[in-house]
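Please look through the following model with an eye to how its parts are held together.

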Amino acid sequence: MTKVFINGEFLNQEDAKVSYEDRGYVFGDGIYEYIRAYNGKLFTVTEHFERFLRSASEIQIDLGYTVEELTDIVRQLLKINDIQNGGIYIQATRGVAPRNHSFPTPEVKPAIMAFAKSYDRPYDDFENGINAVTVEDIRWLRCDIKSLNLLGNVLAKEYAVKYNATEAIQHRDETVTEGASSNVYAIKDGEIYTHPVNNYILNGITRKVIKWVAEDDNIPFNEETFTVDFLKNADEVIVSSTSAEVTPVVKIDGEIVNDGKVGPITKKLQEGFEKYIESKSIN
């Protein structure tokens with residue numbers, strides 16, 4: 001029977017409920033993380049929870065948990081649900097209080113929920129690539145916070161689905177920012193280009209791993225802005241996220257990227273990512 005973590009307890013799925021006055025429900029007033037598990041081990045879990053606590057701090061929520069305590073929660077979720085390969089979703093909200101835009105006074109205890117699920121790695125996408133579309137980035141200006149306010153991302157992703165694409169690559173006035181649920185990279189003349197870390201993008205954990213791999217293999221990793229036109233004329237394009245890992249993009253807005261095949265730099269990054277799965281995973 002599936003177990004879910006809610007506010008300090010591991011409950012059966014059918015008993016897992018949250019209040020209608022939870023501020024995450026009425027305002028999107030909260031944050032989340034998604035952590036990958038490979039062979040029963042948590043991947044880059046420390047990096048994920050460091051970002052989780054940073055996001056909480058940025059919206060002025062004191063969770064009262066350490067990285068180690070949060071890691072123990074998701075470790076137990078994996079074990080009691082007997083998950084070898086999959087992911088763990090965890091979110092925290094400001095808590096339960098009567099609906100009022102300002103923070104509750106006095107403060108209420110944050111609400112924390114987490115669940116785990118099994119799924120396979122997207123091997124077909126790794127080998128053959130995906131289609132993407134471009135769309136104007138209409139999100140708020142604090143995309144560095146992994147908040148529950150994802151309506152802009154949802155609309156972008158639905159636009160991609162409408163045009164038979166897997167991902168929507170967002171841009172602000174033709175400057176590429178990131179995907180609806182991923183970071184975006186253009187590879188040109190053997191060098192990687194990706195948007196710098198600032199308030200316009202989320203500093204992805206897989207993005208960090210790709211940067212480590214690039215450093216290991218002496219592949220130039222340029223954190224610079226670039227345009228949609230530069231992206232479409234790149235030798236290779238990839239997107240990355242916790243679930244997508246290192247996924248090549250072979251078509252954008254119906255236009256084939258280069259020769260439409262997975263390129264050599266992408267393959268090197270995929271190979272390097274595999275090595276980090278071993279070195280950055282813990283029981």
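**From a charged pair to the core**

In this predicted model, aspartate 235 counts as partly exposed, since its relative accessibility is 26%. The side chain of aspartate 235 meets that of lysine 188 in a salt bridge, with 3.7 Å from N to O. This pair links distant parts of the chain, 47 residues apart, with aspartate 235 in the loop between helix 7 (228–232) and strand 13 (236–241) and lysine 188 in strand 10 (residues 183–188). Lysine 188 is likewise partly exposed, at 26% relative accessibility.

A search of the whole structure finds 19 salt bridges, and another of them joins glutamate 58 to arginine 142, whose closest N and O atoms are 2.8 Å apart. Because glutamate 58 belongs to helix 2 and arginine 142 to the loop between strand 7 (130–136) and helix 5 (151–162), the pair ties together parts that are 84 residues apart in sequence. Glutamate 58 is partly exposed, with a relative accessible area of 34%, and arginine 142 is also partly exposed, at 29%. Lysine 211 and glutamate 223 form a further salt bridge, again with closest N and O atoms 2.8 Å apart; lysine 211 sits in helix 6 (residues 205–216) and glutamate 223 in strand 12 (residues 221–223), so this pair ties together parts 12 residues apart in sequence. Through shared partners, salt bridges also join Arg54, Glu58, Arg142 and Asp144 into one network.

Turning to the sheet, 7 strands form an open, antiparallel arrangement in the order 2-1-6-5-3-4-16, and its edge strands, each pairing on one side only, are strand 2 (9–12) and strand 16 (281–282). Within the sheet, strand 3 (residues 30–38) and strand 5 (residues 86–93) pair over 8 bridges. Helix 2 (residues 45–58) packs on the sheet, where it touches strand 3, strand 4 (41–43), strand 5 and strand 16, and its direction makes about 180 degrees with that of strand 3.

The largest nonpolar core has 26 residues, among which Ile31, Leu42, Phe49, Phe52, Leu63, Ile88 and Ile90 touch the most other members. Helix 3 supplies the largest share of this core, 6 residues. Beyond four places in sequence, phenylalanine 49 touches Ile35, Val67, Leu70, Thr71, Val74 and Ile90. A second, separate core of 18 residues includes Val209, Ile238, Val246 and Phe273.

Finally, threonine 194, placed in strand 11 (residues 191–194), counts as buried because its relative accessibility is 2%, and its side chain reaches the backbone oxygen of valine 184 at 2.8 Å.

Key:
Residues numbered from 1 in each chain as written. Predicted model: local features only at pLDDT ≥ 70, side-chain atom pairs only at ≥ 80, totals over all residues. Heavy atoms only, no water. Pairing = 2+ DSSP bridges. Helix = DSSP H or I, 4+ residues; strand = E, 2+ residues; numbered from the N terminus. Contact = heavy atoms within 4.5 Å. Axes fitted to C-alpha atoms, helices over the stretch in contact; angles between N-to-C directions. Core = buried A, V, L, I, M, F, W, Y, C linked by side-chain atoms within 4.5 Å. Buried < 20%, exposed > 50% of the residue type's maximum accessible area, 1.4 Å probe, protein only. Polar contact = N/O pair within 3.5 Å; in protein donor to acceptor, adjacent residues only side chain to side chain. Salt bridge = Lys/Arg side-chain N within 4 Å of Asp/Glu carboxyl O.
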